[in-house]
Amino acid sequence: MNGIVNYRFLKTLGSGSFGEVVLAEDMMTSNNVAIKIIDSQHNEIEINREIQIMKVLGMHPNIIRLEEEIHTKNHTYIVMEYAENGDLLSYLLKQKNGRCQLSEGKAQKIFQQIICGLNHCHGNMIVHRDLKLENVLLGSRCDVKIADFGLSKMLKYHRLRESVGSLPYAAPEVLSGKFYAFEADIWSCGVILYALLCGDFPFGQDIGPDELMKMEAGIYNLPEHLSFGAKDLIRKMLRFDQVDRITIPEILQHSWLQLQPQYLPPTLPTPISLAHRIQQSDQIATKMGFKVLHLGMEELWC
Ligand code: ATP
Ligand code: MG
């Protein structure tokens, strides 16, 4: 019989809105695992959705792997692979230069892997919705593992409207209550890349109407020390209009990432055309004077 008694809790790794994440030893194998402990009082649909999404994503080198799910009367335990080098925020804060930023070479290696992981999510029609430094983990060789699918959703042909996620990383369409899809994750990755290279957020921590206006006008500081390629990629990821924002295949082909090709996938992924097609058809319909109706098909998980 397997169960939570087979794990020895060692220390707390982090805590968040969902509950606590602890480091534990699997006493059968002596392997370390990370266990997310969620109180059963928490919304059951949300807990199950997080687990189902991890199952859909399966084994990918840049996605944290689900090992086991354990349900007891009071808790759900999500047992996952342990990322030894913690999250990207702690990693940035530990940088020896004291400036909480990475060299472009280091950032390229990390960022390529984030995009490969994200491509796997989007290829499986999963939008993450909470990409931020704390949710990107580093394994034993500083290999990237995207984690925390607590806010993720699977999209088929609909778009979302709920304003969720973390303010400094949230795309303008999410902040302003518009319909959005996969492109919102690209914006958040743009903020992550900016943070990796500049040790700051492009629009600060507190986002209000003034910051939304700056997002629309593309007003933020791109430090002098950044190379042309890095600035260009950041600008293309932080495009206000979702339709104009760079796509994953374009990011992977961008000259700045091609400087360090070792982590790039051998074949380029196909673009996520579904969301674009929906947007394009909406635009055409609007141009022709039709009203676009959205059927709020929020829930695909039954
Ligand atoms: P929040 O709502 O604040 O985003 P959460 O409750 O959904 O958090 P997670 O983001 O999954 O929880 O985990 C919280 C923190 O625990 C992470 O930021 C990270 O520091 C640590 N952590 C989570 N999973 C792992 C793991 N598999 N290996 C190592 N550390 C982990
Ligand atoms: Mg988190």
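**Group meeting talk: a walk through the predicted model**

What covers the buried residues of helix α7 includes α3, α5 (183–198), α8 (248–253) and α9 (255–258). Which residues of α7 are the buried ones? They are Gly-229, Ala-230, Lys-231, Asp-232, Leu-233, Ile-234 and Met-237. Keep in mind that an α-helix has 3.6 residues a turn, so residues three or four places apart point the same way. If you have the structure open, have a look at that list on the helix.

Now let me zoom out for a moment. The protein has 10 helices and nine strands. It has 302 residues, and 51% of them count as buried. For contacts with a separation of 6 or more, 62% come from residues 24 or more positions apart.

Lys-36 is found in strand β3, residues 32–39. Is Lys-36 buried or exposed? Its relative accessible area is 9%, and because the cut-off for buried is under 20%, Lys-36 is buried. Leaving aside neighbours within four places in sequence, Lys-36 is in contact with Phe-18, Glu-20, Val-21, Glu-50, Thr-76, Tyr-77, Ile-78, Met-80 and Asp-148.

Please hold on to the last name in that list. Asp-148 forms a salt bridge with Lys-36, with the closest N and O atoms 3.3 Å apart. That pair links distant parts of the chain: Asp-148 sits in the loop between β8 and β9, Lys-36 in strand β3, and they are 112 residues apart. The two partners also fall into separate accessibility classes: Asp-148 is partly exposed at 22%, whereas Lys-36 is buried at 9%.

Asp-148 turns up again at the metal. Which residues are the protein donors of the magnesium ion, ligand 2? They are Asn-135, through OD1, and Asp-148, through OD, lying 2.1 to 2.2 Å from the ion. Asn-135 lies in the loop between β6 (126–127) and β7 (136–138), and Asp-148 in the loop between β8 (144–146) and β9 (153–154), so the pair ties together parts that are 13 residues apart in sequence. Asn-135 counts as buried, at 7% relative accessibility, while Asp-148 is partly exposed.

Back to the salt bridges, then. How many does the structure hold? The structure holds 12. Glu-162 forms a salt bridge with Lys-153, the closest N and O atoms being 3.0 Å apart. Glu-162 is partly exposed, with a relative accessible area of 34%, and Lys-153 counts as buried at 5%. There is also a network: salt bridges that share partners join Arg-65, Glu-67, Glu-81, Asp-143 and Lys-145. Within it, Lys-145 forms a salt bridge with Asp-143, and their closest N and O atoms are 3.8 Å apart. Both Lys-145 and Asp-143 are buried.

A quick word on the sheet. Strand β4, residues 66–71, and strand β5, residues 75–81, run antiparallel and are joined by five bridges. They form a hairpin with three residues between them. Within that pairing, His-71 stands opposite Thr-76 in β5, and Thr-76 is also one of the contacts of Lys-36. In general, the side chains of a regular strand alternate between the two faces of the sheet.

One last stop, at Gln-101. Where does Gln-101 lie? Gln-101 lies in the loop between α2 (88–93) and α3 (104–123), and α3 is among the elements that cover the buried residues of α7. At 11% relative accessibility, Gln-101 counts as buried. Not counting residues up to four places away in sequence, Gln-101 touches Leu-92, Gln-95, Leu-196, Leu-197, Cys-198, Gly-199 and His-225.

Methods. Residues are numbered from 1 along each chain as its sequence is written. Chains are lettered from A and ligands numbered from 1 in the order in which they are written. This is a predicted model: local features need pLDDT of at least 70, side-chain atom pairs count only at pLDDT 80 or more; totals for chains, interfaces and linings use all residues. Side-chain values use heavy atoms; hydrogens and water are left out. Helices (H or I, at least four residues) and strands (E, at least two) are DSSP runs, numbered from the N terminus. Buried means under 20% relative accessible area, exposed over 50%, partly exposed in between (1.4 Å probe, protein chains only). Contact means heavy atoms within 4.5 Å. Two strands pair if DSSP finds at least two bridges between them. Donors are N, O and S atoms within 2.8 Å of the metal (3.2 Å for Na, K and Ca); water is not among the atoms, so sites may look incomplete. A salt bridge is a side-chain nitrogen of Lys or Arg within 4 Å of a carboxyl oxygen of Asp or Glu.
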